[in-house]
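Reader: Hey, I've got this model open and would like to walk through the fold with you. Can we start with the sheet and the helices on it?

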Amino acid sequence: MRKSLTRLPAWKALGAHYKKVRSLHLRDLFTNDPDRGKRFSREAAGLSVDFSKHRITQETLRLLITLAHESGLPERINAMFSGEKINVTENRPVLHIALRAPKSRKIFAGGRNIVPEVHTVMKKMADFCSRLRRGQWKGHTGKRVRNIINIGIGGSDLGPVMAYEALRHYSDRSLNFRFISNVDGADFAEATLDLNQEETLFIVSSKTFTTPETMMNAQTARQWILAKLKDERAIARHFVAVSTNGNEVAKFGIDPNNMFEFWDWIGGRYSMDSAIGLSTMIAIGPDYFYQMTAGFHAMDEHFRTAPFEKNLPVIMGLLSVWYSNFFGARTMAVLPYSRYLRRFPAYLQQLAMESNGKSATLDGTIVNYQTSPILWGEPGTNGQHSFYQLIHQGTQLIPCDFIGFCRNLNTLRNHHDMLMANLFAQSEALAFGKSVDEVIAEGTPAWLAPHRVFGGNRPSTTILADRLTPETLGNLVALYEHSVFTQGVIWRINSFDQWGVELGKVLAKRISDELSTPSNPRLQHDSSTNELIRRYRKRR
């Protein structure tokens, strides 16, 4: 049995090392090493990643990599790729990497090679998407489908909506895409307000076909279709399902032949390149979708084979541990300088915080160290005019990831040069800041100088790619997937369950019944919840 994390030699060495380097400033690190920008940059799978603006030395990196080895990261990577049941609390393998494996690969789960199953579903998806995009799939009244609405929640929504926004440049503009996830009726009402039922197809994405929020929205969609088309047979032409529950799908009225399967070895937040991505494939077409999965696979292979000192996800994950556990950083900002990636931080919130928001180790021991940072962010340059003030001059240390592209997809004057100039300027300003002497030398009065000082020494990673393509999106998502896994391995937690969402669901069902039967006065919650329910009953 492995030693507890805080008793590992590398952990103790990192603690001693932190005391030596915590006061080092990035200004001095760059002054003392003119080649630092090159020395701490890496390239792989279409991405160039600059780690040089982090508060680390070569010794820091060496100790972090030693920690990864002492924590068993090589063995855990091998276990995942080999199909071992590393999701121990649910007794399942974790094989999202099989979703993007080429046909020639063999990946086993339950004693069988699952890669052929994946490609069978992908072919079924591609055939359906091609028919719909060519106008051969028609609605009940014979009209062409022009509106596609994905109904899901969590990973069944965040992945598809993020991918659609990210790859909108490549999408079929004759088709209209909407996404419904919130049980708030406004979500459904606004998504369907200007649509014609005869031209609308719903994709109901639910593994069990029993997810409460998804099925409530699906039933509302069913009523919306029938309110105009008046024929139960219309359901089969206006709904398809992404599920594993053929019986419930058939009961709903969906033809089981139009059910696209996925498996229990895929977690929802790791499923955007499975059948959950059906709306993505409809939007961009099968060829671009396959390019996206190729991007995922390229990063998978890099993560699986590259030595840790060159391994992008490993280094990113270890840096998160460095700041979370030694500097005490509680949050991390992801700042894409691309309007198309505006939903990327929201997608990563679920990926990171649902995966690593845990307080018990794999063997059930309660941790005595910080696990997942809070992840947040918005696209640049918008964020510069809202929360960057806190990152630059606030009291909290907030590591940042900047994401940018060397070539734009839309050539408009010098917009892209200005956008990227801002990205580079922000990372430079965070790192080096402006001293009080520099401020005064510019003519600032002494009384005002403290307000205009930038302390700098704020760490950041800069990720650059050539262009935002489907392949690049796959590279990026897999980069963060494996970084999150690396962090989870170090922290000894299971990154692939999500028991924390269950209690609220159970209580919500109980309270929902109580709200619908207000004549029943017996409430057995705490006094606050009882009073809130009574107040709601009175005013609803």
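This is a predicted model: local features need pLDDT of at least 70, side-chain atom pairs count only at pLDDT 80 or more; totals for chains, interfaces and linings use all residues.

Reader: Back up a bit. What's the strand order in that sheet?

Author: The order is β1-β2-β13-β12-β10-β11, six strands in an open sheet with mixed pairing. β1 and β11 are at the edges with a single partner strand each, so one side of each has no neighbour in the sheet. On average, neighbouring strands are turned by 15° against each other, ignoring direction.

Reader: What about β1 and β2?

Author: Those pair in the antiparallel sense, also over four bridges. They make a hairpin with two residues between the strands, and Ala45 in the turn has a positive phi of about 50°. Arg42 has Val49 in β2 as its bridge partner.

Reader: Which β1 residues are on the covered face, and which on the uncovered one?

Author: Arg42 and Ala44 are on the covered face, while Ser41 and Glu43 are on the uncovered one. In general, side chains in a regular strand alternate between the two faces of the sheet.

Reader: Switching topic: how do α15 and α20 cross?

Author: The axes of α15 (residues 344-356) and α20 (residues 470-491) come within 10 Å and cross at roughly 25°. Angles under 35 degrees count as roughly parallel, so α15 and α20 are roughly parallel to each other. The crossing is right-handed.

Reader: Which residues meet there?

Author: From α15, they include Phe344, Tyr347, Leu348 and Leu351. Among those they meet in α20 are Leu476, Val477, Tyr480, Val484 and Trp491. By class, the contact of α15 with α20 has ten nonpolar, four polar and one charged residues.

Reader: And which one is charged?

Author: That's Glu481, in α20.

Notes
Residues are numbered from 1 along each chain as its sequence is written. Side-chain values use heavy atoms; hydrogens and water are left out. Axes are lines fitted to C-alpha atoms, for helices over the stretch in contact, and angles run from 0 to 180 degrees between N-to-C directions. Angles under 35 degrees count as roughly parallel, over 145 as roughly antiparallel, 65 to 115 as roughly perpendicular and the rest as oblique. A crossing is left-handed if the near helix is turned anticlockwise from the far one by less than a right angle, and right-handed if clockwise. Contact means heavy atoms within 4.5 Å. Buried means under 20% relative accessible area, exposed over 50%, partly exposed in between (1.4 Å probe, protein chains only). Two strands pair if DSSP finds at least two bridges between them.
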